2 protein chains.
Amino acid sequence: MPSVKTEGANPLPDAVCAIVFDTFGTVVDWRGSLIHSLRNFGMERKMEVSWEKLADRWRAACLPNLDRVRNGQLEWTILDELHYRTLVELLPEFGIAYLPESDLCFLTSCWHRLAGWPDTIEGLRRLRTKYIIGPLSNGNLSLLVKIAKFAELPWDVIFGADLFRHYKPDPETYLGVCKFLGLRPEQVMLGAAHNYDLRAASSLGLRTAFIARSTEYGPGQTTDLRAEQRWDVIATDLIDLAEKLGT
Amino acid sequence: MPSVKTEGANPLPDAVCAIVFDTFGTVVDWRGSLIHSLRNFGMERKMEVSWEKLADRWRAACLPNLDRVRNGQLEWTILDELHYRTLVELLPEFGIAYLPESDLCFLTSCWHRLAGWPDTIEGLRRLRTKYIIGPLSNGNLSLLVKIAKFAELPWDVIFGADLFRHYKPDPETYLGVCKFLGLRPEQVMLGAAHNYDLRAASSLGLRTAFIARSTEYGPGQTTDLRAEQRWDVIATDLIDLAEKLGT
């Protein structure tokens, strides 16, 4: 692999063998896909709900639950289950007094049908010709397999948080990937749209690629609009990453 | 999925969502590939060794080591490492007094370059349109990823023994797959060329497909020439399995 120099980043050594990707936001447009699915559900049921707001609240309300698992307040619980529980908690806020179990399960399963960004499939296909690629996500393995089949993501391997029973940014996730791949941290790159994720990976010796996703949280997004450190590669999308890595 | 009736087997319920496959022998021709690689190595080095016999002894000598891990005599050790150690033990038997570390590593890595049988890629591609497919092998995850890239196996997910820190036929492997996939045992099928493997899976409630590989161990093979029980599906190869499952 030729050395890659990107503006504002360190030269990338030739040692990288595998790239693992944050998935929600980095690889798939969870917000756009979820809003689409929720709206369809609402139209079928003739339910008037601010589905956009529900999607945003749903995602936001999951994050403190991940932290509760991380700090031991909550026993190990997979993301599918956290999605379900968080939805049940949020419904009254949206004026929904009751939904049958089958609807709760259907809505939770909307997180399995998330589409890639326009550059995702081509970018990953190109990267796959040279690297081992896979998700490293806080999603559970079965959820990630379902997303991959739905969005036609050409992964070589799937790393879900349930393989490690830890959520990112716990070190066990990044180092667990290295161990399963039989690679040293500097041979593994994390691709992510979130600076906190890259900071954690970098502190453990992994290489880093920032992939800008400035509308992940909608048009008014204020966070992660740009790389906050000199990551090894800074890319505008996955095709740009493939390009910058010579694939 | 339409119900499938195959001669001598039970009707297959419509519930199967995922098929996991034994890999060495069932999906890839480890013996033919290994002999090919070893012979090439021997020609380059001008070493006269019975490479065919070494391949057979190498595979056979690994099996008791898997059992030593299973019964606790040996701590958890991945297959790559067992391959390496077994090779070192076998060399004197083949009149090889010394090989440098780099050669030992190269020879061990021959297990990463195993080709599929002629029906493998087409069969898996067809099965993948309807099922989640992946290996469930005593190989470690990184070895299985390397084989998949080499043999172009279109897996959705990779289950290596190191995910469970148990070797087949320990129940933790089959049930671990079900847990990670979020499926009940009857929703998961094992495809294998080995009756012992299917027996273990079946006893835990998984569905079973026997795939005949009558030359896995060479022309003089005496074991696993046919299905020894009424497995759910009995197939002549992976294309036949795809056919019998309506894909």
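A residue is called buried if 20 or more other C-beta atoms lie within 10 Å of its own, exposed if 12 or fewer do, and partly exposed in between, with C-beta atoms placed from the backbone. By this rule B:I132 counts as buried, because it has 23 C-beta neighbours inside 10 Å. The model is predicted: local features need pLDDT of at least 70 and side-chain atom pairs count only at pLDDT 80 or more, while totals for chains, interfaces and linings use all residues. Residues are numbered from 1 along each chain as its sequence is written, and chains are lettered from A and ligands numbered from 1 in the order in which they are written.

**The residue B:I132**

- B:I132 lies in strand 2 (residues 132-137) of chain B; strands (E, at least two residues) and helices (H or I, at least four) are DSSP runs, numbered from the N terminus.
- Apart from neighbours within four places in sequence, B:I132 is in contact with A:V145, B:C17, B:A18, B:D156, B:V157 and B:L181, where contact requires C-beta atoms, placed from the backbone, within 7 Å.
- B:E44 is 88 residues from B:I132 in sequence, and their C-alpha atoms are 42 Å apart in space.

**The two copies and their interface**

- The contact between the chains takes 14 residues from chain B and 14 residues from chain A.
- Helix 6 (141-151) and helix 7 (171-181) of chain B each supply at least two residues of the side that touches chain A, and helix 6 of chain B gives the most, with five residues.
- That side of chain B has nine nonpolar, two polar and three charged residues; Ala, Val, Leu, Ile, Met, Phe, Trp, Tyr, Cys and Pro count as nonpolar, Asp, Glu, Lys and Arg as charged, and the others, Gly among them, as polar.
- The copies meet through the same surface, because 100% of the interface residues of chain B are also interface residues in chain A.

**The fold of chain A**

- Chain A has nine helices and six strands.
- Its six strands form an open sheet with parallel pairing, in the order 3-2-1-4-5-6; two strands pair if DSSP finds at least two bridges between them.
- Strand 3 (159-160) and strand 6 (233-235) of chain A stand at the edges with a single partner strand each, so one side of each is left without a neighbour in the sheet.
- Strand 1 (residues 18-21) and strand 4 (residues 188-192) of chain A run parallel and are joined by four bridges, with A:V20 opposite A:L190.
- Of the 247 residues of chain A, 46% count as buried.

**The domains of chain A**

- Domain 1 (18-29 + 114-244) and domain 2 (32-105) are given for chain A by the domain assignment, whose bounds come from an automatic or database source.
- The centres of domain 1 and domain 2 of chain A, taken over C-alpha atoms, are separated by 24 Å.
- Their contact takes 13 residues from domain 1 and nine residues from domain 2 of chain A.

Terms used
Two residues are in contact if their C-beta atoms, placed from the backbone, lie within 7 Å.
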